[in-house]
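Visitor: I am new to this structure. Please show it to me, and then I will ask about a few parts of it.

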Amino acid sequence: MSYLIKKVCCIGAGYVGGPTMAVFADKCKYISFNVVDIDKEKIAAWNNDDLSKLPIFEPGLDKIIKKCRNVNLSFSNAVEEAISEADMIFISVNTPTKTKGQGAGKASDLRYVESCARQISKYARGHTIVVEKSTLPVRTGELIKSILESPDVKNRENSITFDILSNPEFLSEGSAIKDLELPDRVLIGGENSEALTALGDIYRNWVSPDKIIYTNLWSSELAKLTANAFLAQRISSINSIGALCEVTGADIMEVSRAIGTDSRIGAKFLNSGPGFGGSCFKKDILNLVYLANYFGLPEVGNFWEAVVEINTWNQNRLSKLILDKLFGTLNGKLIGILGFAFKANTNDTRESPAIMICKNLLEEGAILRIHDPKVTEKQMIKDLGSNLKENIPNNDFDKNNQWEKLSLEDDFYKDCDAIVILTEWDEYSQINWKEVANLMKSPGWVFDSRSIVNKQNVLKSGLKFWKVGDGSLSTKND
Ligand code: NAD
Ligand code: UGA
C-alpha cells in the first residue's frame, strides 16, 4: 500500500527545481507537476515561448519543456495555491552559506527552507509528503518537522498530517538531463515505508529498482554532503599534484591516467584545472566543516577545510603565474579570457574560478576581453563590476571599461598579450593558433588551464604556452 500521488509541487524553480521537475513530468504523465517560485522574472522566463530564453541553459532541457509545459508541467508564482493542492511537495530552494551570525562563512543559511516549511504549515491540506530536495545539513528534517507539527497547524485543520523525506539531488550542471534520466542512484531517506514507497514509485517509472537506495533521514542528508566533499577532494588532490608536476617535469595527464586505471581509484574527476567552482562544492564542504566542529570533531573539520583551502590557493596560483610569465607586470596589458562559466555547457557563474582569476588580473592593472558562449554581459557585470577604468593608472588603451565581453569574431585576439582559457568549451579546442598568433602582440602567451588545446599547434604557431600540470613546458618557454 502506498499513497496516491496525483499533484506534485516543487518550491524553487532554479537549477535543480526546473530541470528535475521537467524530467519527472516527462517520465510520469499521470502526475501534474507545478514548479513555483517567488521570483517573478524567473517564472516568466520559464514560461517564455522563445525556448532560448529559459532562465537556465542545459543541453536537452528546451525539448522537454516544449513537450511537457502546460501539459503536465507548469511554472507559476502561485506558491500558496500550489502547496494547498499538492500531495507531495519538494523543497528545492537555495541553501547558501550564512554570511553573518553564528556559523557565518560556514554554516548553511536555512532561512529559505524554514520559510517554505512555514508556508507548507499554513497552506497544506490533508496528508502531504514533504521532500527535502535542497542540500541540507544533517538533522534539518527535525527543524521542518517541528514547524509542521506545531499545534497551530492541527488547530487550523485537524486532519492534516505530514511525512518528511530526504531525496538529495546528484545532478551536475551541463549534464543535468542525462544525470536525471540515467542516475547512478536515487537516494531516499525517511521513516515511513508508505511515504518512501510513494516517492520510490515515481522514480520507478524510469529508474531500475536496484538503483533506488532507501536509508534513514539522517544518512540521506549526510550522504549528499559527503558525496560532494569526496568529489571536491579529488579535484583538490589532483590540482595539488598538478602543481608538483609543473616543477618536476611530470605531466598531470599522464599521472591521472596512471592512477585512474586502478579500479579502486577510478578515472573520473581527475582533470586538473583552475580549481573547482559551482554553487555547491565550497558551500557543502564548509557546511560539513561547521557540523564537524559543532559536534566536537575539529580534526574532521580541519581535514575537509583543507580541500577548500587548496582550491583557493590553486585559483590564486594561476593569476600569479600569469603575472610572473608576463614579466611581473600586467599594467595596461590586454588579456583575452576564454570562458567565464564555472564549467562548460552551463551559463552558471556561481563560484566560477574565472571570477577570482579575472579580479586578480584586473587588480594588477590588466585590461580584459572576455568571451563565453552562454554567460551574459549582465551576469559578468554582476560578478566583476562594470567600470573599473579609474583603477588603472597609465592606461594606454582608450576604453571605457577595464574589461568587456566580446564575441570571438570582434577582433577578440587583436593586440592581446595573452590568452587564458578558463572554461573547457568545445569551441576553444578548435582555435587556429597560427591565425591567432598573427593577431597577438609578441611575445604572446597562451595559458590553458583546462588542458584542451593541442600543445604542438600552439608551439608551432610561435606562441609561448603554459598548460596546467605540464612540467615539460616549464623550461621550454622561459
Ligand atoms: P537556485 O538559486 O538556482 O534556485 C533556488 C530558487 O528557490 C530560486 O529561484 C529562489 O527564488 C527560490 N526560492 C527561495 N525561497 C523561496 C520560497 N520561500 N518560495 C519560493 N521560491 C523560493 O538554487 P539551485 O542551484 O537550484 O539549488 C537548490 C538546492 O539544490 C541547493 O540546496 C543546492 O545545494 C542543491 N543542489 C544544487 C545543484 C546544482 O547543480 N545547482 C545540484 C544538486 C543539489
Ligand atoms: C557537482 C556534483 O558533481 C553533483 O553530483 C552535485 O549534485 C552538484 O555538484 C551539487 O550538489 O550542486 P556541478 O557543480 O554541477 O556538480 O559540476 P561538476 O561537474 O561536479 O564540476 C564542479 C567543478 O569541478 C567545476 O568547476 C569543474 O570544472 C571542476 N572539475 C570537475 C574539475 O576541475 N576537474 C574534474 O575532474 C571535474
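Visitor: Which residue in β11 is the bridge partner of Arg369?

Guide: This is a predicted model, in which local features need pLDDT of at least 70, side-chain atom pairs count only at pLDDT 80 or more, and totals for chains, interfaces and linings use all residues. Residues are numbered from 1 along each chain as its sequence is written, and side-chain values use heavy atoms, with hydrogens and water left out. Strand β10 (residues 367-371) pairs with β11 in the parallel sense over 3 bridges; strands are DSSP runs of E with at least two residues, helices are runs of H or I with at least four, both numbered from the N terminus, and two strands pair if DSSP finds at least two bridges between them. In β11, the partner of Arg369 is Glu404.

Visitor: In what order do the 6 strands of the open sheet stand?

Guide: The pairing in this sheet is parallel. β11 (403-405) and β14 (464-467) each have a single partner strand, so they stand at the edges. The order is β11-β10-β9-β12-β13-β14.

Visitor: Is Leu318 buried or exposed?

Guide: Leu318 is found in helix α13 (residues 298-325). Leaving aside residues up to four places away in sequence, Leu318 touches Pro274, Ile357, Leu422, Ser449 and Trp466, where contact means heavy atoms within 4.5 Å. Its relative accessibility is 4%, so Leu318 counts as buried.

Visitor: Which elements are included in what covers the buried residues of α14?

Guide: The buried residues of helix α14 (residues 353-363) are Pro353, Ala354, Ile355, Ile357, Cys358, Leu361 and Leu362. One of them, Ile357, is touched by Leu318, a residue of α13. The cover includes α13, β9 (334-338), β10, α15 (377-384) and β11.

Visitor: Is Phe295 buried or exposed?

Guide: Phe295 lies in the loop between α12 (281-294) and α13. Its relative accessible area is 52%, so by the cut-off Phe295 is exposed.

Key:
Chains lettered and ligands numbered in written order. Buried < 20%, exposed > 50% of the residue type's maximum accessible area, 1.4 Å probe, protein only.
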